[in-house]
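Please examine the sequence and the model shown below before reading the explanation that accompanies them.

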Amino acid sequence: MKGAVLVALAASIGNFLQGWDNATIAGAMVYIKKDMALKSSVEGLIVAISLIGATIITTCSGPVSDWVGRRPMLILSSLFYFLSGLIMLWSPNVFVLCIARLLDGFGIGLAVTLVPVYISETAPSDIRGLLNTLPQFTGSGGMFISYCMVFSMSLSVSPSWRLMLGVLSIPSVLYFILTVFFLPESPRWLVSKGKMLEAKKVLQRLRGVEDVSGEMALLVEGLGIGGEISIEEYIIGPAEEFEGEAADEKDKIRLYGPGEGLSWVAKPVTGQSSLALASRQGSLINKSMALMDPLVTLFGSVHEKLPESGSMVFPNFGSMFSTAEPHVKNEQWDEESQRGDDYTSEAGGVDSDDNLHSPLLSRQATSMDKDMVPPPSHGSILSVRRHSSLMQGNVEAVGNTGIGGGWQLAWKWSEKGEDGKEGGFKRIYLHQEDIPGSRRGSILSLPGEDVHGEGEFIQAAALVSQPALFSKELKDQRPVGPAMVHPSETVSKTPIWSALLEPGVKHALIVGIGIQILQQFSGINGVLYYTPQILEEAGVEVLLSNIGIGSESASFLISAFTTFLMLPCIAVAMRLMDISGRRRLLLTTIPVLIVSLLILVVFELVTVSTMVNAAISTICVVVYFCIFVMAYGPIPNILCSEIFPTRVRGLCIAICAMVFWIGDIIVTYSLPVMLSAIGLAGVFGIYAIVCIVSWIFVYLKVPETKGMPLEVIAEFFSVGARQAAKGATN
């Protein structure tokens, strides 16, 4: 996974620059006030103008990134950083300084909004939390280096605030070079635009393997939004394992995957799956805790009852996908289609986006393809043949059906039954249940082996719904067997804004907006921007006055030390993010924030010696910062980048980010006034109350998403929201 890690590190430089800017403006404001004789309102404006810029750019960043891609927006972010640094270095007056800070806000807004999205869309699900904590680590690292720079400059006779702010241009050049020449486009965005070949190449680079068929298939299935989703239970094993049973053939379902290989048969069962039990109405509505979101229970059932090892249900399926040529070829799907001769498929034919060779379909055609009756014209219909595991001749290497977190992707197809009931083409997300009696035996046997051990079956929970590319219009044309349209066919037809009303998306927006608001009003950004002034008011100069360091330089040194302590705390959080999970980290760390804030309030109200007051205040601020960056700092952005469907991820993340920046503006602009009106005790008392509300919100509303593929998370929100609404109605 070295490719994914390096890409995440490079993208996180945008957050490094944000941290750098937070620290430099906090330090530079001490000298800007003296140089320009600013009033408190103007001081707050200079700080808040970058937040206004971030808010403005955020309103369009999501939809634009859905249109042009994630990478071009990160390139634009680096350019804004560079230009703002140059202008701040010049800044002859307050007006020019505000313009520069506005451009700086544009760069910050793009980076903070899109870097978590970009990392989530490129990272493997098993380490997505770790990699998405990198922006917090690099941001704190940028603050530490910047505070060290400000401290060293403060020791000079005449510190230059222009130089402090202008240095930002230097690291922004590195960020620009990496975004232009190193970062690939998000594979999920590429798939959403029908650029299948480019997406495959990017995934191969990120994963370091050639076979990415399973994950490519997952990205295609992630293009769907909402729909009817059910939770089912299966016992799954090789076809011969069920041959001796008396059950009717109609009780058995044959499963297929994105690659050629062994066939597996699933037999529906009930009553044993913890996931299915949690989804039923009686389990969803927690009678002992009426306010508990049933979605939390549904997600919790996965992490509490299913294997933590991320084991594979089975290594392969027989592929149901072996295509004939598209019945109608649309030459305008993708510009890559025009240079299809440059690509060669494993089957020896020409590979292009038109035939959707990767992720879903094998180009090995048989005589059965010739017998298929072309359906009516529909742009780019791809008809596929069933039971291709029975095909003769050379068999392709088995495609990887694993999609991360122990989940696997499969499809099932059933013909029209004798009772006249219509058959169906369904997509299934499978996860093994940790149930006594489930056995894997020799289920890991290599493809092509004829002998299997006894008792070779497992119990699996399944999320079942219609494939993303099996549209209603296509179904009405009655294709022979399962069929799919090309992803590009759905791009212009997707009702993006109306998708916000889909129950799962609405539910995710409530979670994302709620946690962003509460995080901002816990006061962290206000405290960070004004750390030097806060520590100076707390009497921190007493601690360092004996060694000849002035109060201003002392506050910078303490701030540098504080941010340095954050780094090992974030490193611990990176390790725990995919082990303990996001929800547990929040529920564990927020009480520590509350206690540290309350202690600070008490010692502000109680009369003690100056030395004791300075020491306690410094300790409380350090503890607050270090614990905050372990969980409440990175997790809201991580969650927001995980819980939305691919089609509307950019739009929804922009909505959540806009709430983030509006809250940031309010907290930052109001803090100087609040400090003068109610003092530190009142300010931190308000923050403590907000943290208490935050813990309650997380406990009742925020689900655990660790290790789950993004597409599966979106499915869970959809099925959970629909069943919760049904339960509330009943």
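Residues are numbered from 1 along each chain as its sequence is written, and side-chain values use heavy atoms, with hydrogens and water left out.

The secondary structure of the protein chain consists of 28 helices and ten strands; helices (H or I, at least four residues) and strands (E, at least two) are DSSP runs, numbered from the N terminus. Of the 730 residues in the protein chain, 62% are buried, where buried means under 20% relative accessible area, exposed over 50%, and partly exposed in between, with a 1.4 Å probe and protein chains only. Among contacts in the protein chain with a separation of 6 or more, 82% join residues 24 or more positions apart; contact means heavy atoms within 4.5 Å.

Confidence is expressed as pLDDT, the predictor's confidence in each residue, from 0 to 100. The protein chain averages a pLDDT of 74, and 68% of the residues score at least 70. Over residues 306–351 the pLDDT stays under 50, although the model has 178 contacts beyond four places in sequence for that stretch. Residues 436–455 also have pLDDT under 50, with 40 contacts beyond four places in sequence. Where pLDDT is low, the predicted coordinates should not be read in detail.

An α-helix has 3.6 residues a turn, so residues three or four places apart point the same way.

Two packed helices are described by the angle between their axes and the distance between the axes. The axes of helix α3 (residues 40–68) and helix α4 (residues 70–90) come within 7 Å and cross at roughly 140°. That makes α3 oblique to α4. Axes are lines fitted to C-alpha atoms, for helices over the stretch in contact, and angles run from 0 to 180 degrees between N-to-C directions; those under 35 degrees count as roughly parallel, over 145 as roughly antiparallel, 65 to 115 as roughly perpendicular and the rest as oblique. On the α3 side, I57, S61, V64, S65, D66 and V68 meet R70, P72, M73 and F80 of α4. The residues of this contact divide into six nonpolar, two polar and two charged.

Helix α4 also contains Y81, which counts as buried at 0% relative accessibility. Beyond residues up to four places away in sequence, Y81 touches G14, L17, Q18, D104, G107, I108, A111, L168, S172 and Y175. Y81 and F176, 95 residues apart in sequence, are 9.3 Å apart in space, C-alpha to C-alpha.

Elsewhere, S555 lies in helix α23 (residues 551–576) and counts as buried at 2% relative accessibility.

Y632 is placed between α25 (610–630) and α26 (635–642), and is buried, with a relative accessible area of 1%. Leaving aside neighbours within four places in sequence, Y632 is in contact with residues including I515, L518, Q519 and S694. F457 is in the loop between β8 (424–432) and β9 (458–465), and at 26% relative accessibility F457 counts as partly exposed.

Note on methods:
Predicted model: local features only at pLDDT ≥ 70, side-chain atom pairs only at ≥ 80, totals over all residues. Nonpolar A, V, L, I, M, F, W, Y, C, P; charged D, E, K, R; others polar.
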